[in-house]
Amino acid sequence: MIKSAKSSVLSVCASVLLVGCIEGETSTATEDVSGLARDNNAFPEAVASSSETSSEGGSATMQPVGDCRLSVLDEKLLAKLNEVRAQARYCGDSYQEAVAPVVWNCTLEDAAHMHSEDMGDNNFFSHTGSDGLRVGARADQAGYNWSMVGENIAVGFSSVNAVMKGWLESPSHCRTIMNEHYEETATALYLPSGSDYSSYWTLLMGRPAG
């Protein structure tokens with residue numbers, strides 16, 4: 001897939017219970033990210049440690065499942081996602097009721113980082129990794145015991161609000177975010193150098209087995 005360097009690109013992979021991964025549509029948005037630096041200084045909050053709670057997005061707890069600590073960026077991503085899920089909306093022509101918040105899962109975070117870094121370092125954009133693995137296999141590899149797992153990916157977006165807006169404007173991405181069956185989540189942002197895009201995002205949604 002060849003895109004302009006100033007386009008933001010989206011793709012979604014929504015899996016269903018015990019069935020595996022179903023590829024969704026690929027679409028483009030018009031976010032101009034030409035001013036985004038190609039290093040982690042562009043997102044200093046990505047590495048800053050944070051407290052376990054945040055006032056942004058309400059009073060939902062930021063306590064993760066697993067042994068990790070949320071960065072400020074992680075908190076912003078989780079708060080924005082739960083703010084979105086708390087509001088009924090249309091995903092294309094499909095009406096979606098407001099749904100319960102999700103919690104951050106550290107193992108899903110490992111799987112998300114694995115894919116964002118793979119895409120950025122190997123300069124590609126796909127749900128299929130450079131090793132041929134897809135979202136379910138990556139979750140397995142990271143050690144996440146799932147009954148349901150889904151993935152949204154995007155490149156080129158310069159902020160949490162921008163990437164979430166892009167996903168919500170795509171019906172299939174939006175339905176993944178608004179799926180009531182998901183209970184856990186994580187999102188990974190990677191800013192490589194020497195790649196076609198300045199930012200690579202992977203959002204995972206999961207429901208643990210059992």
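These questions and answers concern the disulfides and one asparagine of a predicted model.

The model is predicted, so local features need pLDDT of at least 70 and side-chain atom pairs count only at pLDDT 80 or more, while totals for chains, interfaces and linings use all residues. Residues are numbered from 1 along each chain as its sequence is written, and side-chain values use heavy atoms, with hydrogens and water left out.

Colleague: How many disulfides are there?

Modeller: A disulfide is a pair of cysteine sulfur atoms within 2.5 Å. Cysteine 68 and cysteine 106 form one, with sulfur atoms 1.9 Å apart. Cysteine 91 and cysteine 174 are also joined, S to S 2.0 Å. By this rule the count is two.

Colleague: Is cysteine 174 buried or exposed?

Modeller: Buried means under 20% relative accessible area, exposed over 50%, and partly exposed in between (1.4 Å probe, protein chains only). The relative accessibility of cysteine 174 is 0%. Cysteine 174 therefore counts as buried.

Colleague: In which helix does asparagine 122 lie?

Modeller: Helices (H or I, at least four residues) and strands (E, at least two) are DSSP runs, numbered from the N terminus. Asparagine 122 is partly exposed, at 45% relative accessible area. The run that holds asparagine 122 covers residues 106-122 and is helix H2.
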